[in-house]
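User: Could you take me through how some helices pack together here, with the terms explained as we go?

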Amino acid sequence: MQFMLLFSRQGKLRLQKWYISLSDKEKKKITRELVQTILARKPKMCNFLEWRDLKIVYKRYASLYFCCAIEDQENELITLEIIHRYVELLDKYFGSVCELDIIFNFEKAYFILDEFLLGGEVQETSKKNVLKAIEQADLLQEYFHIMAL
Amino acid sequence: MPAVSKGDGMRGLAVFISDIRNCKSKEAEIKRINKELANIRSKFKGDKALDGYSKKKYVCKLLFIFLLGHDIDFGHMEAVNLLSSNRYTEKQIGYLFISVLVNSNSELIRLINNAIKNDLASRNPTFMGLALHCIANVGSREMAEAFAGEIPKILVAGDTMDSVKQSAALCLLRLYRTSPDLVPMGDWTSRVVHLLNDQHLGVVTAATSLITTLAQKNPEEFKTSVSLAVSRLSRIVTSASTDLQDYTYYFVPAPWLSVKLLRLLQCYPPPEDPAVRGRLTECLETILNKAQEPPKSKKVQHSNAKNAVLFEAISLIIHHDSEPNLLVRACNQLGQFLQHRETNLRYLALESMCTLASSEFSHEAVKTHIETVINALKTERDVSVRQRAVDLLYAMCDRSNAQQIVAEMLSYLETADYSIREEIVLKVAILAEKYAVDYTWYVDTILNLIRIAGDYVSEEVWYRVIQIVINRDDVQGYAAKTVFEALQAPACHENLVKVGGYILGEFGNLIAGDPRSSPLIQFNLLHSKFHLCSVPTRALLLSTYIKFVNLFPEVKTTIQDVLRSDSQLKNADVELQQRAVEYLRLSTVASTDILATVLEEMPPFPERESSILAKLKKKKGPNTVTDLEDAKRERSADVNGGPEPAPASAASTPSPSADLLGLGAAPPAPVGPPPSSGGLLVDVFSDSPSAVAPLAPGSEDNFARFVCKNNGVLFENQLLQIGLKSEFRQNLGRMFIFYGNKTSTQFLNFTPTLICSDDLQTNLSLQTKPVDPTVDGGAQVQQVVNIECVSDFTEAPVLNIQFRYGGTFQNVSVKLPITLNKFFQPTEMASQDFFQRWKQLSSPQQEVQNIFKAKHPMDTEITKAKIIGFGSALLEDVDPNPANFVGAGIIHTKTTQIGCLLRLEPNLQAQVRLLEEIVIYTQVVCLLWCHVCSKWSHLRSSHRCVHLCNLHHPAGT
């Protein structure tokens, strides 16, 4: 996977993760182009499209669009389920996740993503294991808080 | 306010985010952000040391502002400080900031790497995890340099925690992708392969990705992974859906891992070991069988995960291309999906079938679905699905169904989405040419293309139809008749006028016997379109007219009247005016014989790869079309020969503005930029970046002049001037290239490309940025090339420039004067030193000498200037003979320094004969052609030093 973007129906970017090196300018350009293209598509259309030399896999969950760019030989359907698994992870962590959770706790959304995907590849598919890692970190910080008191 | 705030919510951050969200306008938001930035800046600069929490909060705010799309130019240092915090969340936020806002500031990179190093060494798995995530997220070369050696150790160490192993594997994968040269292969690779057997499926998942990437580049080293992957896959596909616990996803056992294992197997041919091969075939059959089982859940996740594995299995079957039974089963399965109610599956089935169509085992099976695919083209509501249907029709096309497919594509074209019209036009043009049994069908098809979608018919397409008509005399009469009829339409596309003009100009005589298409009628018909056309088309029509003068003497006066009219002779466009003047003159002064010779029928074009195919490849990216084309080419060897590679020379291709004439050097003065003068080679029909023009004539001489100087004009013709300015220091250099448009017309698609042979590429590194593709008339654009000499080299890079000028394609190549002597640093030395070194260098490969005749009288000052310009120091008072010239210098390359001594001995007695000797040390590494005193001479250089031998050759030998 080359990058993942989360954006709202209004086109506001909520999360961006780049697994390739690009300049900020290029990133902004890509984002603008893709957000526009995807928002213009109708609901019943398929979840894949060709864009430049990449394949775009996207899916809408409530007010948020999740969009991944993968290379030619990568598997579209499994990418669709990567998106779904990430949504499940967010949902489980926040408890019925909504866009606001991701806005206000954007750093958590990044941490969860890092446990799930690394360098653009799936690192851990077990929901339990991913959440265990995040919760451990949460515990760790509480532990440090006690230490600090 | 947020619904949830886990961990230690940062209240200040939440308030700030709420403020931003409440901003009514973009201006208000910017105002609020600027206020916050000012606040944070003052906090960071303040005297009071900030506690970790505040620092974390502010860094987090900066991150939020950055993610909103604003630039952040401070706070990096505070983020780096957080990395060394002992508090997990502070460290975590520090790492997040670094990961998102990487800064190549070298000072910071050192600090960041230090912090990472500490965390990797901490043996605290959570800290190690954070550090590895950071490396994987940033993935810079500096990080690869620092950690590429360390991470494999962490990965294979026996006591590393599973989660750390997973991160280490993918971290290494990222570093390998960015800097493969920095990741050393070694003992660890065999241990990594054995991670495929690991008990922890998460570890296997991460390791499989790493192994796949490594195996693509080093297949031999990772060969043992095949049998391990097969047995792992087999265990997964045969497991009950509950066996794998949390790794089962909606009743599908480990779908991600299965897909990855199937990908890994696609790096290799079918396993040789019959047992492994049998087991793999079983796996693939099981996966195909499962597709027929009733779903275990109605959820789309279940079917997606199951089908993801199925599609990957089909990819592997296609990749192996060796089991007809599996290929046909795969095809049938995809056939079912073609009519599935899920749009996603229809899309993927069409896509996957495209590759199946190129296998000889399944090509016929794919063809049976033609009606479904045509139906998809007509009924699919999603343009991306229709696009896939077009691709599949193209892929399944062969001689048996070409007429049907081309007809369907043509009829679809009438209503097709604008975004894919051009591509369909190209595909139709290619199929029509490739599978044309009789060429009348081909001509009809292309004319239909122009009628239906004239705006999308690129030049390549109409050029090609003309090439084919000219090369095949069995179709010329038909083509003339057909274009004549097509031109009767009251409104016809300009592209049709072009094709019609060209073809009638060549072959109008073939239909002139019919009174309905007599010469005068032909002429009037064409001329009725003249005023509606653009300048290039009018220019082409003028050429048609002069061709008519030769073909049909009876219309000569009519045509002369037209040429003589003010609207032609005084046309504001120079090109049109010139043509009118010259053609008029030609028709008046030339005898019939001369006219017949000058305006002879165009000679056949050399066979070459269809430029349309090249264009389609360019459009679709190199991989997609090429593979398919190669496969198709093999299969369709019986049909029309298939495209042939383009010949290197463009000599027989006429200049586009001389289009119909093909005059070459024949009188009168050819119009437009003539191919013979000015060294401009024009190749109209191969408008692809891979077709590089041969070196422009005269460029060799010009190149030579730059050996001893750095600035000046490198190339010039009627259209373009290329100037150079360069400077060199040690092994580095910078060259400014100035492209001047000498005309008043814009150059479009202006693309200069630097071309180095593989050999040269390793020794000379050139870096540059693309220039603006549009160069206005009279304007100059500049391109900077950064040069690094890595090691000694002999060839020079070639600068290829391609652009469009007034609708014609221009292609120029010149040698770029970057020669080894540019990296010469002069060295001063005393006479004694010089001759001591000189004498040490006596072995034959350390020296080179050359005797040559001077072209010009020897002028001491000029010769001195040349030697200095050549780059070495001019050593005065070194040689006992004052008439001799002596120089010394060191050639700097990144890897080595080469000392050179040189001596030039003019032999004045023998009337300006000159002896020059340049000698070298150790192994001869390269030959540099250099140019001193207007004469080529040999300079060999080597790894350490060059010296001149004191050999004297009598003049005249």
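User: Which residues in H14(B) does H13(B) meet?

Analyst: This is a predicted model, in which local features need pLDDT of at least 70, side-chain atom pairs count only at pLDDT 80 or more, and totals for chains, interfaces and linings use all residues. Residues are numbered from 1 along each chain as its sequence is written, chains are lettered from A and ligands numbered from 1 in the order in which they are written, and side-chain values use heavy atoms, with hydrogens and water left out. Helices are DSSP runs (H or I, at least four residues) numbered from the N terminus, and contact means heavy atoms within 4.5 Å. From H13(B), residues including Ser225(B), Arg232(B) and Ile236(B) take part, and the residues they meet in H14(B) are Leu257(B), Ser258(B), Leu261(B), Leu262(B), Leu264(B) and Leu265(B).

User: Is H13(B) roughly parallel or roughly antiparallel to H14(B)?

Analyst: Axes are lines fitted to C-alpha atoms over the stretch in contact, with angles from 0 to 180 degrees between N-to-C directions. The axes of H13(B) and H14(B) come within 10 Å and cross at roughly 150°. Angles over 145 degrees count as roughly antiparallel, and those under 35 as roughly parallel, so H13(B) is to H14(B) roughly antiparallel.

User: At what angle do the axes of H3(B) and H5(B) cross?

Analyst: Helix H3 covers residues 52-67 of chain B and helix H5 covers residues 88-100 of chain B. Their axes come within 10 Å, and the crossing angle is roughly 30°.

Terms used. Helices (H or I, at least four residues) and strands (E, at least two) are DSSP runs, numbered from the N terminus. Angles under 35 degrees count as roughly parallel, over 145 as roughly antiparallel, 65 to 115 as roughly perpendicular and the rest as oblique.
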